[in-house]
Amino acid sequence: MIYAELKDIKNYKGINENLDKAIDFITEKKYLNASFGKNIVDGDKIYFNHPEKPMTRENTGLELEYHKKYVDIHIILEGEEAIIYSPFEECIETKSYNIEDDYALVKGKTQVEFLMNTKNFLILFPEEPHLALLKVEEPKEIKKVIFKVEI
């Protein structure tokens, strides 16, 4: 995973060609006036979701998700959220991997909590279990985009 300031995202080019394209798209701020829902950047290789009214929530027994095909890049447009991470090896799968939707659910003990705001980003690679949209102080509506990058 990579957790850093959004102004420094170009420093992480060179890992993968599709990730480089996504980083260029982000650097050019092309996602800022996107439509709600799925927005295509490069077919199924790079796209991003812009949920209409995501609400942060309490973490009361929620399950983490992981992917095998896509990297997630979380960027907050307005507000703040917490995203938790648990090591893959320390999780127990609760819902088998769905190849079509590229996700599985697991339970695991939180190892790291990332505070997300408009100044930073988080890249989560395949098999890095995470849970997003967690409240920071109290549940609130936020604005965010989540890039999906085939790796």
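I take helices (H or I, at least four residues) and strands (E, at least two) as DSSP runs, numbered from the N terminus. The model is predicted: local features need pLDDT of at least 70, side-chain atom pairs count only at pLDDT 80 or more, and totals for chains, interfaces and linings use all residues. Residues are numbered from 1 along each chain as its sequence is written, and side-chain values use heavy atoms, with hydrogens and water left out.

**The helix α1.** I looked at its ends. Just after α1, Lys29 has a positive phi of about 60°. What covers them?

I traced an open sheet of six strands, in the order β1-β10-β5-β12-β3-β2, with antiparallel pairing. Strands pair if DSSP finds at least two bridges between them. The edge strands are β1 and β2. Four bridges join β1 to β10. Ile2 stands opposite Ile123 in β10.

**The core.** I looked up the largest nonpolar core, and it has 21 residues. Such a core is a set of buried Ala, Val, Leu, Ile, Met, Phe, Trp, Tyr and Cys residues joined through side-chain atoms within 4.5 Å. Its residues with the most contacts inside it include Ile26, Tyr31 and Phe147. Which element gives the largest share? It is α1, with five residues.

**Phe147.** I checked its contacts (heavy atoms within 4.5 Å). Leaving out residues up to four places away in sequence, Phe147 touches Phe25, Ile26 and Tyr31, among others.

Notes. Buried means under 20% relative accessible area, exposed over 50%, partly exposed in between (1.4 Å probe, protein chains only).
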